[in-house]
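Good morning, and thank you for coming.

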Amino acid sequence: MKLNKKIMSLGLAAAMTVPMAGCGGGSKQEAAAPVDLPTIDSITLSTADTPGDYTDLTASIKVLTNRTDIVDTVYKGYAEQFMELYPNITVEYEGITDYEESLKLRLTTGDWGDLCFIPTSVNKSELSQYFAPLGAFDTLDGIYNFCVEKSFDGTVYGIANGGTAGGVVYNKKIWDQAGITELPSTPDEFLDALQTIKDNTDAVPLYTNFSAGWPMGAWDAYTDIVCTGDPDFKNKMPHMKDPFAKRDDMTGPYAVYYTMYEAVARGLIEEDPASTDWESSKGAVNKGEIASMVLGSWAVQQCRDQGETPEDVKYMPFPITVDGKRYASAGGNYGFGINNKATEENQIAAMLYLKWVLEASPMYTDEGSIPALKSAPLPDVLADFEGVELLSNIPAPEGEEDLFDQVNLESEVGINNDDYPDCEIL
């Protein structure tokens with residue numbers, strides 16, 4: 001492939017040059033004066049037969065989302081179901097295409113509605129500046145998955161919109177047509193499989209979705225548990241001299257970026273990364289025009305919904321084996337947060353709607369994601385994960401809750417920073 005088509009991740013470059021050390025900060029904003037909110041676990045929801053709490057509350061709330069593809073259909077339907085139970089509360093959605101960049105600006109004004117997906121640019125230490133507390137971590141962590149991701153100093157400020165496992169979306173029919181009978185378990189096996197697909201089918205072996213920017217962040221998300229099997233690795237990284245150094249067994253963060261870099265260097269991706277299109281790529285996977293994409297398991301259902309052969313769209317573990325065992329990170333999608341500058345009525349109404357979405361809506365079935373409730377079953381999209389251990393990052397030690405964020409910012413490595421890793425076409 002020509003040099004102008006090669007994609008280099010800053011994370012790979014940093015592996016050779018930048019140790020993760022230092023501290024950082026960002027613009028600060030005064031926290032809003034707290035109002036007397038219920039905790040999310042204390043609320044009893046209304047059902048079709050039984051009235052719940054706050055049935056007389058009158059409010060009109062706005063919910064911001066990045067899901068512009070379903071905001072006027074699926075999400076509108078959720079709002080309508082909720083409003084049948086709480087007729088005095090009006091729920092309105094707003095879909096935002098350039099979500100991360102838009103929310104950066106809108107959060108600082110406080111004028112962004114009542115409930116939103118917390119953007120990745122907000123560090124843990126900044127959560128209380130924008131978002132209302134949902135309850136104590138020690139309590140909510142026993143009820144909901146992934147609470148640690150949006151909590152600080154013992155308080156939870158966001159609960160995940162479901163969860164995702166780390167792996168690769170793929171079209172099984174195309175992989176079968178290429179003659180691949182066993183899923184790869186190492187970076188080189190994966191690259192060999194992509195080459196076999198290129199040689200024996202018309203499909204794009206690996207679609208990067210480079211132009212959209214945010215899909216490239218999936219690679220960054222696999223640089224801890226997936227490649228090490230260590231749920232404490234993310235906490236260790238800020239203390240390590242060379243966390244991106246190459247390992248002889250081809251594990252660790254280097255192996256993740258190696259897989260991406262070599263796929264590009266060997267011409268196993270789309271012809272022109274600068275002109276990729278996220279929305280059409282989902283249908284292309286369904287139709288077999290794309291063989292695989294490195295994305296979280298949340299993407300499986302979206303690809304299945306965009307064509308006539310949903311049964312062909314599957315999900316495999318990321319191809320790294322650590323001491324003979326495979327691992328997958330189980331992390332939350334965007335976390336819901338409530339605007340702490342909204343009126344008390346709107347904050348409580350947003351809390352009611354959030355609890356209903358997490359516990360009573362059909363969201364997890366619709367999206368094929370890991371439910372927020374720990375008591376709910378895993379989705380069928382993880383059928384190929386037999387024998388793979390699902391792990392979540394453990395909380396940082398006391399006093400280091402935002403150390404990774406600080407070092408990530410100061411070092412300019414930018415792991416999952418704003419969901420836009422620092423990439424360039426060389």
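Which residues lie nearest the centre of the second largest pocket? They are Y364, T365, S369, P371 and P377, among the 18 residues that line this pocket. The model is predicted, so local features need pLDDT of at least 70 and side-chain atom pairs 80 or more, while totals for chains, interfaces and linings use all residues. Residues are numbered from 1 along each chain as its sequence is written, and side-chain values use heavy atoms, without hydrogens and water.

A word on terms. On a 1 Å grid over the protein atoms alone, a cavity is a set of points where a 1.4 Å probe fits but cannot get out; a pocket is an open set with protein on both sides within 12 Å along at least five of seven lines; lining residues have an atom within 4 Å of a point. A volume is the space filled by probe spheres set on the points, which are joined across faces, edges and corners.

The second largest pocket has a volume of about 230 Å³.

The search of the whole structure finds 1 cavity of 30 Å³ or more. The largest cavity holds about 90 Å³ of space, and its lining includes L206, W219 and M293.

Finally, T65 is buried, with a relative accessible area of 1%, where buried means under 20% (1.4 Å probe, protein chains only). A polar atom of the T65 side chain lies 3.0 Å from the backbone nitrogen of R67.

Methods: Buried means under 20% relative accessible area, exposed over 50%, partly exposed in between (1.4 Å probe, protein chains only). A polar contact is a pair of N or O atoms within 3.5 Å; within protein, one must be able to donate a hydrogen and the other to accept it, and residues adjacent in sequence count only if both atoms are side-chain atoms.
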